[in-house]
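Keep the 3D view open and follow along.

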Amino acid sequence: MIMYNSNETTNETANETAKKLIETIQQKGLDKKINFLASLIEQHTKGRKLSTRQIEVANNIIAERALKENDAVLLEETEGFEKLTAKFSKALEKQGQLKGVKIITSIITLKSAKHSTVANPIIYVLGTEDKVYYGKIVNSLFVAVSNVNHARIAVITNELKEIQGDLSKAAVSYGKRFGICSCCGRVLTDPTSIEAGIGPVCAENWGF
Ligand SMILES: [Zn+2]
């Protein structure tokens with residue numbers, strides 16, 4: 001963000017300031033969105049000087065919008081998901097990166113992103129029931145989306161911490177509770193698998 005000095009008095013600098021302002025407005029396409037800014041461009045194009053006040057107001061509008069845009073991408077981050085990342089890394093290595101791997105719990109579904117690698121797994125975090133995308137784990141950092149309320153993100157983050165403590169236990173308890181394999185989502189039909197709460201192939205792939 002370029003800052004403009006609206007107290008500048010020399011004509012040349014004021015002109016330069018106005019020119020920069022006009023450029024910024026056009027670059028950001030703000031003249032298409034805000035009539036006031038469009039009128040400034042018109043004024044400037046007609047060779048009429050922008051007043052200090054006009055420049056100041058315009059800069060405030062631009063700054064406010066920049067702030068809002070930053071807000072929209074301002075994400076909540078929680079570190080410390082090394083263990084979970086390592087598990088995904090191993091499972092990806094076993095099952096192949098293209099196919100991808102996932103873990104389902106009653107609260108969240110974790111899925112490796114298509115562009116994951118064994119060295120750098122990217123794990124999408126979705127709600128199991130609501131299918132809402134809550135964010136992703138990248139470089140062991142859970143980066144939550146901003147358009148979900150804080151309390152819900154806290155629940156999701158807690159679940160992530162909980163299952164990371166013992167991923168095998170989380171998978172098995174889901175399997176036992178719902179009769180579905182936590183790793184592949186298939187219904188457990190084999191009595192041994194039902195008893196174990198997980199399919200044998202998935203257990204092997206995940207090292208549970
Ligand atoms: Zn399975």
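Below are short notes on a helix pair, a sheet and a helix lying across that sheet.

Bear in mind that this is a predicted model.

- Start with helix α1, residues 11-28, and helix α2, residues 35-45: their axes come within 10 Å and cross at roughly 130 degrees.
- Angles over 145 count as roughly antiparallel and 65 to 115 as roughly perpendicular, so α1 ends up oblique to α2.
- As for handedness, α1 and α2 make a left-handed crossing.
- On the α1 side, look for A18, I22, I25 and Q26; they meet L37, L40, I41 and H44 of α2.
- Sorted by class, this contact of α1 with α2 has six nonpolar residues, two polar ones and no charged ones.

**The sheet**
- Strands of a sheet pair through backbone hydrogen bonds, either parallel or antiparallel.
- Here, six strands make an open sheet with antiparallel pairing, and the order is β1-β6-β5-β4-β3-β2.
- At the edges you'll find β1 (76-78) and β2 (102-104), each pairing on one side only.
- From one strand to the next, the twist averages 20 degrees.
- Zoom in on β3 (residues 108-112) and β4 (residues 123-127): they run antiparallel and are joined by five bridges.
- In β4, V125 is the residue standing opposite L110.

**The helix across the sheet**
- Helix α5, residues 150-165, lies across β1, β3, β4, β5 (133-138) and β6 (141-144).
- Relative to β6, α5 runs at about 160 degrees.

Notes: Residues numbered from 1 in each chain as written. Predicted model: local features only at pLDDT ≥ 70, side-chain atom pairs only at ≥ 80, totals over all residues. Axes fitted to C-alpha atoms, helices over the stretch in contact; angles between N-to-C directions. Helix = DSSP H or I, 4+ residues; strand = E, 2+ residues; numbered from the N terminus. Parallel < 35°, antiparallel > 145°, perpendicular 65-115°, else oblique. Left-handed = near helix turned anticlockwise from the far one by under 90°. Contact = placed C-beta atoms within 7 Å. Nonpolar A, V, L, I, M, F, W, Y, C, P; charged D, E, K, R; others polar. Pairing = 2+ DSSP bridges.
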